[in-house]
Amino acid sequence: AAKRHGRNHSRRFRPSLEVEGDPQLELLNELRQALAHGTQLELFYQTQHYLDDGRLAGMEALLRWYHPTQGMISPASFIPLAERHGLMSALGDWVIERACAQVAAWRQQGVSFVPVWINISAVQLIQGDLEAKLSASLAKYHVPAAMLGLELTESVLLDERAGDISARLVALRDKGHPIAIDDFGTGYSSMAYLKQLPVDKLKLDRAFVRALPEDSADAAITSAVLAMARGLELDVVAEGVETEEQRDFLLAQGCAMVQGFLYARPERVADVEARLRRDAEVSLP
Ligand code: C2E
Ligand code: MG
Ligand code: MG
Ligand code: MG
């Protein structure tokens with residue numbers, strides 16, 4: 001009898017129980033308010049570096065949410081929530097606006113002239129008016145599109161709801177935005193896509209970097225991606241580089257750029273600025 005009342009039974013009842021006083025929906029409301037008030041949200045920046053000499057290659061903007069009682073909540077948990085409940089488009093607009101303002105400030109202060117990369121959710125391509133929002137923010141802050149890179153994951157590229165993604169990416173790139181495929185190797189993008197899509201850069205997912213150089217499968221995958229990228233004339237940024245052994249392996253395999261804790265963590269604006277100013281002073285003649 002226990003078997004007959006098995007899993008299906010309890011599964012069917014669980015969702016309805018969870019809807020009442022759903023902590024996720026509560027969190028969503030709090031996120032909506034945080035966005036409306038412009039408080040609690042902040043963009044952190046993580047620097048990217050050329051492997052051969054360590055100089056600055058770019059920065060990735062990474063969203064942070066300081067919840068009043070729960071502390072810092074990871075974007076890996078609140079971004080999917082926003083995506084599921086119609087908040088991602090507005091959240092994405094906020095990121096675009098703030099990133100453009102930051103690029104303008106850094107250029108004006110002479111702090112940094114490398115592109116800032118923002119993460120673009122599939123939802124922004126499906127629901128929102130991404131192109132219009134990008135154009136408006138760039139114009140408002142007098143920032144050239146070349147200074148605002150767009151990171152898209154492979155799942156975004158394959159999402160049919162985003163319309164003719166290839167045409168839209170061509171238009172964005174014609175405007176000057178550099179385009180990167182994020183978390184490369186973890187999705188299902190076929191090699192045919194790489195040939196068709198107007199992409200500048202692959203970001204090799206941290207999953208392949210973590211166990212380098214010991215794990216021979218990861219080493220083989222990494223070498224193959226780098227060889228393919230060379231043939232297609234695409235840049236590669238290795239994500240999640242934490243150790244000198246990983247860096248040395250990537251350098252030996254001809255990887256051009258890295259991003260990871262070995263170089264820098266995602267930091268608040270003031271901390272990035274302080275570090276970049278210090279580095280600039282060090283390298284003064
Ligand atoms: P992602 O775009 O792949 O960003 C890289 C993630 O790896 C970041 O996590 C970063 O902090 C982390 N990371 C960088 N270097 C290292 C390292 O050496 N070791 C380890 N262990 N981790 C490293 P974070 O900031 O928690 O962001 C997680 C994900 O949330 C991002 O992955 C991205 O998919 C999403 N996300 C963050 N900000 C935004 C945003 O503004 N818009 C959208 N749509 N998604 C965002
Ligand atoms: Mg990213
Ligand atoms: Mg990534
Ligand atoms: Mg990732």
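Entry 1, terms and model. I take as donors the N, O and S atoms within 2.8 Å of the metal (3.2 Å for Na, K and Ca), and since water is not among the atoms, sites may look incomplete. I am working with a predicted model, in which local features need pLDDT of at least 70 and side-chain atom pairs count only at pLDDT 80 or more, while totals for chains, interfaces and linings use all residues. Residues are numbered from 1 along each chain as its sequence is written, chains are lettered from A and ligands numbered from 1 in the order in which they are written, and side-chain values use heavy atoms, with hydrogens and water left out.

I looked up its protein donors and found Asp182 (OD), Asp183 (OD) and Glu239 (OE), lying 1.7 to 2.2 Å from the ion. Along the sequence these donor residues are spaced D-D-x55-E. Aspartate 183 sits in strand 6 (residues 179–184) and glutamate 239 in strand 8 (residues 235–239), so that the pair links distant parts of the chain, 56 residues apart; helices (H or I, at least four residues) and strands (E, at least two) are DSSP runs, numbered from the N terminus. For accessibility I use buried for under 20% relative accessible area, exposed for over 50% and partly exposed in between, with a 1.4 Å probe and protein chains only. On that scale aspartate 183 is partly exposed at 24%, whereas glutamate 239 is buried at 11%.

Because asparagine 119 belongs to strand 4 (residues 116–119) and glutamate 151 to strand 5 (residues 148–153), the pair ties together parts that are 32 residues apart in sequence. I find asparagine 119 partly exposed, with a relative accessible area of 29%, and glutamate 151 buried, at 1%. Which residue coordinates both the magnesium ion (ligand 2) and the magnesium ion (ligand 3)? I see that aspartate 182 does, and that the two ions are 3.8 Å apart.

I count two strands as paired if DSSP finds at least two bridges between them. Strand 4 and strand 5 pair in the parallel sense over four bridges, and valine 116 has leucine 148 as its bridge partner in strand 5. Strand 5 also runs parallel to strand 6, to which four bridges join it, and here glutamate 151 stands opposite alanine 180. Five of the six residues of strand 5 are buried, so I note this strand as largely enclosed by the rest of the structure.

A nitrogen atom of ligand 1 lies 2.5 Å from an N or O atom in the side chain of glutamate 242, and a nitrogen atom of the ligand is 3.1 Å from a polar backbone atom of leucine 63. Asparagine 119 brings a polar side-chain atom to 2.9 Å from an oxygen atom of ligand 1. On its own ligand 1 has 800 Å² of accessible area, of which the protein covers 83%; these areas come from the Shrake-Rupley method with a 1.4 Å probe, and for residues only the protein chains shown count as cover.

Most residues other than glycine have a negative phi, and most peptide bonds are trans. I noted a cis peptide bond joining leucine 212 and proline 213, with omega about -5 degrees, and proline 213 is in the loop between helix 10 (206–209) and helix 11 (216–232). Histidine 142 has a positive phi, near 55 degrees, and is placed in the loop between helix 6 (130–141) and strand 5. I find histidine 142 exposed, at 67% relative accessibility.

Methods: A polar contact is a pair of N or O atoms within 3.5 Å; within protein, one must be able to donate a hydrogen and the other to accept it, and residues adjacent in sequence count only if both atoms are side-chain atoms.
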